[in-house]
Amino acid sequence: MRRVVVDMQNVLYADAIATALKNFDSDFDVAQSESPDKTLEICELVNANILIMEVTSYTPWRLEERMKIRSYLKTKKPDCKIVLIVDENTEKKLADKVRLAKKDGLIDGFLYSSVSATYLSAIVDAL
């Protein structure tokens with residue numbers, strides 16, 4: 001069983017990701033974080049293998065805040081994969097920063113929010 005935590009600003013988007021992952025492979029057990037303040041607690045509680053977080057230009061979903069969560073989680077669970085999702089259409093500069101975080105090895109994957117549910121699920125499955 002692969003345990004995934006989803007932390008998104010938009011609850012409907014988080015629900016869609018959780019549903020897509022479960023429909024893609026019943027081996028995914030998905031938990032949703034109600035707020036970034038709860039994300040680390042949920043990751044530890046469910047023993048997460050993968051953390052998917054949305055990045056926006058608004059607190060508390062800003063890249064800097066997401067990277068703090070990433071750093072703390074990596075000290076507790078170094079094998080947990082970190083995937084960031086960003087809207088490349090409205091957040092072009094932020095999307096470049098997220099892409100560079102992947103290129104620099106700080107995160108395990110990044111996705112643009114415009115990708116299909118099937119593609120998102122396949123990327124997470126391949127981690």
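This is a predicted model: local features need pLDDT of at least 70, side-chain atom pairs count only at pLDDT 80 or more; totals for chains, interfaces and linings use all residues.

User: Why is strand 3 called largely enclosed by the rest of the structure?

Analyst: Strands (E, at least two residues) and helices (H or I, at least four) are DSSP runs, numbered from the N terminus. A residue is buried under 20% relative accessible area, exposed over 50% and partly exposed in between, with a 1.4 Å probe and protein chains only. Six of the six residues of strand 3 are buried, so the strand counts as largely enclosed. Ile50, Ile52 and Glu54 point one way, Leu51, Met53 and Val55 point the other way, and all are buried.

User: How do you know that strand 3 pairs with strand 1 and with strand 4?

Analyst: Two strands pair if DSSP finds at least two bridges between them. Strand 1 (residues 2-7) is joined to strand 3 by four bridges, and strand 3 to strand 4 by six; the strands run parallel in the former pairing and also in the latter. Val6 has Ile52 of strand 3 as its bridge partner, and Leu51 has Ile82 of strand 4.

User: What makes the unit of strand 3, helix 3 and strand 4 right-handed?

Analyst: A crossover is right-handed if, with the strands pointing away from the viewer, the path from the first strand over the helix to the second runs clockwise. Strand 3, helix 3 and strand 4 make a β-α-β unit of this right-handed kind.

User: Which residues touch the most other members of the largest nonpolar core?

Analyst: A nonpolar core is a set of buried Ala, Val, Leu, Ile, Met, Phe, Trp, Tyr and Cys residues joined through side-chain atoms within 4.5 Å. The largest has 21 residues, and Val5, Leu51, Leu63, Ile82, Leu84, Val98 and Ile107 touch the most other members. At least two residues of this core come from each of helix 2 (36-46), strand 3 (50-55), helix 3 (63-76), strand 4 (81-86) and helix 4 (92-103). Another core, of 16 residues, lies apart from it and includes Val6, Ile17, Ile52 and Ile85.

User: Why is Gln9 called partly exposed, and which residues is Gln9 in contact with?

Analyst: The relative accessible area of Gln9 is 35%, so Gln9 is partly exposed. Gln9 lies in the loop between strand 1 and helix 1 (11-24). Contact means heavy atoms within 4.5 Å; leaving aside neighbours within four places in sequence, Gln9 is in contact with Glu54, Thr56 and Trp61.

User: What is the phi of Asn47, and where does Pro60 lie?

Analyst: Phi of Asn47 is near 60°, a positive value in a residue other than glycine. Asn47 is placed in the loop between helix 2 and strand 3. Pro60 lies in the loop between strand 3 and helix 3, and the peptide bond from Thr59 to Pro60 is cis, with omega near 5°.

Conventions
Residues are numbered from 1 along each chain as its sequence is written. Side-chain values use heavy atoms; hydrogens and water are left out.
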